Amino acid sequence: MTEPESGGRGPVVSVSREIQCDIGHRIPFHKAACANVHGHRYRIVATLEGPVVRADRSSDDGMVTDFGDLKRLMLREIHDVVDHAFMVWEGDTALREFLEGQSYRLLVLDQAPTAENFAEWCFQRLDAALPESFPPSVRLTQVTVWETPNCQATYCPRG
């Protein structure tokens with residue numbers, strides 16, 4: 001791994017990568033159709049921020065990070081865990097018991113499986129795994145989840 005510019009000089013640049021997953025869910029107490037079991041093709045976009053690497057003849061020269069490295073992290077931490085799974089709130093006992101009895105792939109959340117809560121879950125997974133793959137000068141700034149082509153939620157912690 002090549003070190004980025006030292007001493008805090010130079011611009012900070014944001015880079016983003018998208019993956020997609022097919023996931024089922026329901027929001028049990030929703031006032032409309034989302035209370036029913038259904039699914040989405042989620043688009044998940046992670047944004048990293050950091051200085052541009054300046055290392056002549058290095059693979060990473062001119063980059064914050066290689067998009068392929070971010071893709072591999074997103075596939076391992078998100079896609080491979082949730083693709084073709086069912087997201088269910090731990091308090092939705094009737095649906096949980098049914099799905100667990102059928103040996104379906106589940107992601108059990110401690111909150112309702114909304115786009116907002118899923119974006120936070122994705123952020124937490126990526127942020128926890130980031131140090132093993134990226135230098136300390138690179139940080140995860142936000143994760144955006146597109147639940148439909150027209151609806152998105154972005155998780156961006158303060159600070």
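Predicted model: local features only at pLDDT ≥ 70, side-chain atom pairs only at ≥ 80, totals over all residues.
1. **Strand pairing, β1 with β2.** Start with the strands. β1 covers residues 12-25 and runs antiparallel to β2, with 14 bridges between them. I19 stands opposite I44 in β2. C21 has Y42 of β2 as its bridge partner. Keep C21 and Y42 in mind, as both names return below.

2. **Strand pairing, β2 with β5.** β2 also pairs with β5, which spans residues 139-148. These two strands run antiparallel and share seven bridges.

3. **Strand pairing, β1 with β3.** β1 also joins β3, through three bridges. The direction here is parallel. I23 marks the place, standing opposite A85 in β3.

4. **Helix α3.** This helix runs from residue 115 to 129 and has 15 residues. From first C-alpha to last it reaches 21 Å, close to the 21 Å expected at 1.5 Å a residue. The buried residues of α3 are A115, N117, F118, A119, W121, C122, F123, L126 and A129. Three of these, F118, W121 and C122, come up again in the next points.

5. The whole structure holds four aromatic pairs. One of them joins Y42 and F118. Their ring centres are 5.3 Å apart and the planes stand at 65°, so the pair is edge-to-face, given that angles over 60 degrees count as such. What does this pair tie together? Y42 lies in β2 (residues 38-51) and F118 in α3, so the contact links parts that are 76 residues apart in sequence. Y42 is buried, at 0% relative accessibility. F118 is buried too, also at 0%.

6. **Aromatic pair within the helix.** F118 also pairs with W121. This pair is stacked, with 5.8 Å centre to centre and 15° between the planes. Both residues sit in α3, three residues apart, which separates them by about one helical turn. In general, an α-helix has 3.6 residues a turn, so residues three or four places apart point the same way. F118 and W121 are both buried. Taken together, ring pairs link Y42, F118 and W121 into a cluster.

7. **A charge over a ring.** Look next at R43 and W146. The charged end of R43 sits over the ring of W146. The distance to the ring centre is 4.8 Å.

8. **Cysteines.** How many disulfides does a search of the whole structure find? The count is zero. Take C122 as a case. C156 is in no disulfide either; the nearest cysteine sulfur, that of C122, is 15 Å away. C122 is buried, at 0% relative accessibility. C156 is partly exposed, at 45%.

9. **D92.** This residue is in the loop between β3 (85-89) and α2 (93-101). Is D92 buried or exposed? D92 counts as buried because its relative accessibility is 5%, under the 20% limit. Leaving aside neighbours within four places in sequence, D92 is in contact with R26 and P28.

10. **Backbone points to check.** Most residues other than glycine have a negative phi. H84 is not a glycine, yet its phi is positive, at about 60°. H84 lies in the loop between α1 (67-82) and β3. H84 is exposed, with a relative accessible area of 58%. S103 also has a positive phi, near 60°, and is a residue other than glycine. S103 is in the loop between α2 and β4 (106-109). S103 is exposed, at 68% relative accessible area.

Key: Residues numbered from 1 in each chain as written. Heavy atoms only, no water. Helix = DSSP H or I, 4+ residues; strand = E, 2+ residues; numbered from the N terminus. Expected span 1.5 Å × (residues − 1). Buried < 20%, exposed > 50% of the residue type's maximum accessible area, 1.4 Å probe, protein only. Disulfide = S-S within 2.5 Å. Phe/Tyr/Trp six-rings, centres within 6.5 Å; stacked < 30°, edge-to-face > 60°. Lys NZ or Arg CZ within 6 Å of the ring centre and 35° of its normal. Contact = heavy atoms within 4.5 Å. Pairing = 2+ DSSP bridges.
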